[in-house]
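Reader: I would like to work through this model with you, helix by helix and then residue by residue. Could you keep each answer tied to what can be computed from the atoms?

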Amino acid sequence: MLRVGVLQLDVQVGNREANFIRVKEWIERSWVPSELPTAIVLPELWDTGYALDKANMLASVEGNETASFLGELARKYGVWFIGGSTLAKTERGVTNRAQVIDPQGKLIAFYDKVHLFPLMEEDKYLAAGDRDCIFDWEGVSAGCVICYDLRFCEWMRCYALKGVKLLFIGAEWPSARAKHWEILLKARAIENQVFVISCNRCGVTTENTFDGRSLVVDPWGEVLLDAGSKEGLYFVDIDPDKVLEARTKVPVFKDRVPALYDYITMI
């Protein structure tokens with residue numbers, strides 16, 4: 001058994017220090033010790049929000065400022081931080097980067113968002129990633145994606161085909177498309193027979209309203225955790241063995257016919 005904590009936040013746009021303080025406060029207030037290995041998941045761009053017109057100023061080199069902050073908390077609480085993204089200054093430009101921090105405070109993996117969302121002008125200000133992010137979390141294969149990636153079923157399937165059992169998703173998904181959020185999270189869990197562990201922001205900006213509704217969904221599509229619409233740190237236990245159970249009872253991967261799927265690459 002493993003445990004995940006979803007830290008749903010009302011992000012203060014452009015104010016990293018305020019968001020750092022908020023994360024510290026929520027963990028201090030709501031941390032529940034457990035013998036189970038635990039990972040806390042954060043929203044997309046949780047430390048700055050979508051202040052993309054100031055991306056060059058707000059981004060730290062390789063996202064190191066945010067990784068260092070999370071590393072200190074990881075060591076203090078003996079917890080992982082998975083998902084949640086920051087603005088990272090790289091040789092290719094500024095990226096929207098999810099980070100994986102282990103309980104020793106070490107950055108062990110990262111993911112630069114591959115599918116940039118034009119409605120939030122990500123393609124105008126950010127450089128797209130060009131690879132997946134797969135890592136070992138306490139003996140279980142896990143992966144990271146970010147928000148808009150959720151709409152690309154091919155990308156999610158690539159993770160599953162590489163053996164991923166737990167898929168972490170940080171997001172700033174607006175309430176205008178909240179129905180899509182819920183449906184797609186469940187669909188990705190069911191079709192890939194994986195746990196989908198999501199964290200969406202909540203609150204209101206001048207442009208958008210965010211409902212939260214961070215969900216943890218098991219491989220059968222059952223919702224194990226629904227964080228509702230308010231800020232908070234919410235915990236739930238998960239059993240990775242459910243992935244094998246689902247894939248054995250409904251052998252989707254064994255029954256695939258990849259030779260007929262080549263048309264996808266021609267569209």
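Reader: At what angle do helix 5 and helix 6 pack, and is helix 5 parallel or oblique to helix 6?

Author: In this predicted model, where local features need pLDDT of at least 70, side-chain atom pairs count only at pLDDT 80 or more, and totals for chains, interfaces and linings use all residues, residues are numbered from 1 along each chain as its sequence is written. Side-chain values use heavy atoms, with hydrogens and water left out. Helix 5 (residues 153-161) and helix 6 (residues 178-192) have axes 10 Å apart and pack at an angle of about 40°, where axes are lines fitted to C-alpha atoms, for helices over the stretch in contact, and angles run from 0 to 180 degrees between N-to-C directions. Because angles under 35 degrees count as roughly parallel, over 145 as roughly antiparallel, 65 to 115 as roughly perpendicular and the rest as oblique, helix 5 is oblique to helix 6.

Reader: Which residues of helix 6 meet helix 5?

Author: Contact here means heavy atoms within 4.5 Å, and helices (H or I, at least four residues) and strands (E, at least two) are DSSP runs numbered from the N terminus. From helix 5, the residues involved are C153, M156, R157 and A160. Their partners in helix 6 are R188, E191 and N192.

Reader: How do helix 1 and helix 3 lie to each other, roughly parallel or roughly perpendicular?

Author: The axes of helix 1 (residues 16-30) and helix 3 cross at roughly 15° and come within 12 Å. That angle makes helix 1 and helix 3 roughly parallel.

Reader: Which residues of helix 3 make the contact with helix 1?

Author: Helix 1 contributes R16, F20, V23, K24, I27 and E28. On the side of helix 3 (residues 64-77), the contact is made by E65, T66, F69, L73, K76 and Y77.

Reader: Is T66 buried or exposed, and what does T66 touch?

Author: Buried means under 20% relative accessible area, exposed over 50%, and partly exposed in between (1.4 Å probe, protein chains only). T66 has 0% relative accessibility and therefore counts as buried. Leaving aside residues up to four places away in sequence, T66 touches R16, F20, W46, D47, S60, T86 and Q99.

Reader: Which residues have the most contacts inside the largest nonpolar core?

Author: A nonpolar core is a set of buried Ala, Val, Leu, Ile, Met, Phe, Trp, Tyr and Cys residues joined through side-chain atoms within 4.5 Å. The largest one has 48 residues. Those with the most contacts inside that core are Y111, F135, W137, L166 and F168.

Reader: What separates the C-alpha atoms of V216 and F195?

Author: V216 lies in strand 13 (residues 215-217) and, at 0% relative accessibility, counts as buried. V216 and F195 are 21 residues apart along the chain. Their C-alpha atoms are separated by 7.2 Å.

Reader: What is the phi of L45, and what is the phi of Q193?

Author: Most residues other than glycine have a negative phi. L45, in the loop between strand 2 (38-42) and helix 2 (55-58), counts as buried at 0% relative accessibility, and Q193, in the loop between helix 6 and strand 10 (195-200), is buried with a relative accessible area of 3%. Neither is a glycine, yet the phi is positive in each, at about 45° for L45 and about 50° for Q193.
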